Amino acid sequence: MTLKTIEWKDNSVVMIDQTKLPNILEYATYTDFNQVADAIRTLVIRGAPAIGVSGAFGLALASLQSDAANKDELISYMENAKKILFETRPTAVNLGWGLNKIMEVANNGNTVDEIRKNVIDYAKKMADNDVKINMAMGKNGSELFDNDDTIMTHCNAGALATVGYGTALGVIRATKDSGKNVKVIATETRPIQQGSRLTAFELKHDGIDVSLIPDTAVGYSMANGLVDKIIVGADRILRTGHVYNKIGTYQVATMANQHKIPFYVAAPLSTFDMKSNPEDVIIEQRKGSEVTGIGDKKTAPDGIDVINPAFDMTPPELIDGIITEKGIAKAPFEESIKKLFQAN
Ligand code: MRU
């Protein structure tokens, strides 16, 4: 059984507290949208599709929390909640996507009760669809991988970054389920170690062969023939094929290019931002203490200046294919991505 990261249960949101992994598998339960906003901000839940669904569930909670007497009051309460949820993390586009979808549903309702029911139903449907989309993506992507491939991945684009199954790790799961034997190399992903804490945990949990490397061993692994292919997830993909993903992805892609190793990205259409240009994208900068320590242990001198961007951009020329639920986009990306949306 793959892990279920987030769900709606008895008018509350239940999610795995990822800050406690890999040591403790514990679920947090929230009935207030402000708690959900805090959970996104502090990485109790993270990963682009998972925070998209968290935003939707957060707004569903807000609809229940409001004591609005009519539709207008409810919409204004939900707009305020949307702003608070939206401001938690700036880079992944799925958050805004999930929030906007729910506000659309809310605006189409007539009464307070009808809006509450519709937004809860819709948010639950978004969560169910997330898993279905990941499985479709997995099936499409599995064709790119061969028996006995060793596949490198960076960060966590797995069940824990989605509602379930995963994007990049979903492709790996589907490849395995199609009868091919594959192994995974997971990078540690400093500073907050989504690779070692989350990817290694969830693959081991599911019995998938995984070896962990420090980020500094990416070049060594490729140069020594340990890697056949690479797959990562994405937080935002532009119409031009520029991919924003966890800091370090650009290094992995550059190294893959140097060693002629295929580099793939897996993401649902909800991760695409068809309007922005690279200069419009805000890269989240996180606190320095993530770099000056590991967990509670201090590993740098007091008062040191830190640069801690959470994401970087991989240019399209380093990418061999972008796997989606509607098919695989290849260069020239502007054309192939447009076609995926036309098929939608
Ligand atoms: O900071 P995080 O842990 O939210 O970053 C997550 C990533 O960069 C993932 O690779 C991305 O969201 C894709 S998840 C399917």
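Student: Where is Pro 191 found?

Tutor: Pro 191 sits in the loop between strand E5 (183-187) and helix H7 (194-205). Helices (H or I, at least four residues) and strands (E, at least two) are DSSP runs, numbered from the N terminus. Residues are numbered from 1 along each chain as its sequence is written. One caution: this is a predicted model, where local features need pLDDT of at least 70, side-chain atom pairs count only at pLDDT 80 or more, and totals for chains, interfaces and linings use all residues, while side-chain values use heavy atoms, with hydrogens and water left out.

Student: What is omega for the peptide bond from Arg 190 to Pro 191?

Tutor: Omega is near 10° there, and the bond is cis. A cis peptide bond also joins Leu 21 and Pro 22, with omega about 10°. Pro 22 belongs to the loop between strand E2 (12-16) and strand E3 (27-30).

Student: Now for phi. What is the phi of Thr 189?

Tutor: Thr 189 has a phi near 65°, a positive value in a residue other than glycine. Thr 189 lies in the loop between E5 and H7, and Pro 191 is found in that loop too.

Student: Is Thr 189 buried or exposed?

Tutor: Let's set the cut-offs: buried means under 20% relative accessible area, exposed over 50%, and partly exposed in between (1.4 Å probe, protein chains only). Thr 189 has a relative accessible area of 0%, so Thr 189 is buried.

Student: And what about Leu 43?

Tutor: Leu 43, likewise not a glycine, has a positive phi, near 70°. You will find Leu 43 in the loop between helix H1 (33-41) and helix H2 (48-65). With a relative accessible area of 10%, Leu 43 is buried.
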